[in-house]
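Please examine the sequence and the three-dimensional structure shown below before reading on.

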Amino acid sequence: MEALQRDIATTARFEDAFDVDLAALDRADFAPDDQTTLDGPGGDPPLVAGVDQAFLDERVVSAIVVLRGAEVVERTHAVSPLTFPYVPGLLSFREGGPILDAFETLDADPDVALFDGSGRIHFRQAGLATHMGLALDVPALGVAKRLLCGTPVADTDRLDAGDSVAIESDDRMDAPPGTVVGHAVQTRQFDSYRINPVYVSPGHRVSAATARDVVLACRGGYKLPEPTRVADAYADEVKADYS
DNA sequence: GCGACAG
DNA sequence: ATCTTGTCGC
C-alpha cells in the first residue's frame, strides 16, 4: 500500500491545473442565509463539493454536499461496509472506497472537492485528498483538524482570522526537505479564547497556495469551511436515520 | 526501545 | 471518528 501511495504521489499534480474562478469564489458569500451574491456579475461561483463521513458499527456514511456559494446544489450519500482499520497514513484505504461509492451517486461534477483529512501533508505525499483527487480526476484538497506530519514555519498560536502559516516537510516525509506541503489556515478567531487552525494541503491539481485561498474563500463563519461543515452535518443527519 | 500518529 | 450534559463566555 505504501508503494501505491508513492506512485500516487508522483502521478498527482500539486500545482494549479483547473479552471476554478477564484475571483468568483471570493465574491461568493457562504453565509447560509445569504443568497444575494449568487447572480453577481462576472459569472456564478464555482461548484465546490464538501465530503465527510460518519461512522456506524461496521458501516460508514459518506456524504457529499455540492455548493455554489451558500446554495446547496446537491446532496448525496452512500452507506458502505468498513473493511480496513484506521491506521495513520493509510486512511484512504479505510475511507476511500466508501467515498467513491458516494461519488458514483453524484450527478454534479464539482470544480473542486474538499476532503476531510490531509492531501500532500502525508508521509508519502498521498493523503486521502490526493488519493481521491487522482481516482476521480477532480481538483482536490484536504482539510484536516489536526496535523499529521510536517512542521509549521512559524508559531500557529495567536493567528488572526485569514492568516496562514506554511507547513514544510519534515524528516519523516518523502518530500524534499523544506517543501511547502500545505498551510495552517486560521479560518476563524476570537479575541478571548483561541481557536485552532485547520491544516490545508493540495490533493490533486491544486497548489498549496490555491488550496489555502479556496478554504479562506469558503469560510462561512465557522471553523470549518462551509462545504465541509454542511457535509459533516449531512453525514450526521443520515447516520441518525440509520441508528 | 523511543517517538509520533488525518479520521 | 465516537462515547456525552452541562456550562462558561462571546
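A nonpolar core is a set of buried Ala, Val, Leu, Ile, Met, Phe, Trp, Tyr and Cys residues joined through side-chain atoms within 4.5 Å. Here a residue is called buried when its relative accessible area is under 20%, exposed when it is over 50%, and partly exposed in between, as found with a 1.4 Å probe on protein chains only. This is a predicted model, in which local features need pLDDT of at least 70 and side-chain atom pairs count only at pLDDT 80 or more, while totals for chains, interfaces and linings use all residues. Residues are numbered from 1 along each chain as its sequence is written, chains are lettered from A and ligands numbered from 1 in the order in which they are written, and side-chain values use heavy atoms, with hydrogens and water left out.

The largest nonpolar core holds 31 residues, of which Leu25, Leu141, Val198, Val200 and Val215 touch the most other members. Two or more residues of this core come from each of the strands E1 (48–55), E2 (59–68), E4 (112–116), E5 (140–144) and E9 (198–204), and from each of the helices H5 (208–217) and H6 (226–241). Such helices (H or I, at least four residues) and strands (E, at least two) are DSSP runs, numbered from the N terminus. Another core, of 18 residues, lies apart from the largest one and includes Val66, Ala113, Ala129 and Ala140.

Contact, in what follows, means heavy atoms within 4.5 Å. When neighbours within four places in sequence are left aside, the contacts of Leu141 include Val112, Leu114, Phe115, Val200, Ala211 and Val215.

Among the buried residues are Ala208, Ala211, Val214, Val215 and Leu216, together with Thr210 and Arg212. The elements that cover them include helix H2 (22–27), E4, E5, strand E7 (164–168), strand E8 (180–185) and E9.

Helix packing is the next topic. Two packed helices are described by the angle between their axes and the distance between the axes. Axes are lines fitted to C-alpha atoms, for helices over the stretch in contact, and angles run from 0 to 180 degrees between N-to-C directions. Helix H3 (residues 91–103) packs against helix H4 (residues 128–136) at an angle of about 40°, with the axes 10 Å apart. This arrangement makes H3 oblique to H4; angles under 35 degrees count as roughly parallel, over 145 as roughly antiparallel, 65 to 115 as roughly perpendicular and the rest as oblique. On the H3 side the contact includes Leu91, Phe93, Ile99 and Phe103, and on the H4 side it includes Leu128, Met132 and Leu136.

Helix H1 (residues 2–11) also meets H4: their axes come within 10 Å and cross at roughly 65°. H1 is therefore roughly perpendicular to H4. Leu4, Ile8 and Thr11 in H1 meet Thr130, His131 and Leu134 in H4.

Leu56, in the loop between E1 and E2, is buried, with a relative accessible area of 15%. Arg158 lies in the loop between strand E6 (151–152) and E7, and counts as exposed at 71% relative accessibility. The phi of Arg158 is near 55°, a positive value in a residue other than glycine. Arg205, in the loop between E9 and H5, is not a glycine either, and has a positive phi of about 60°.
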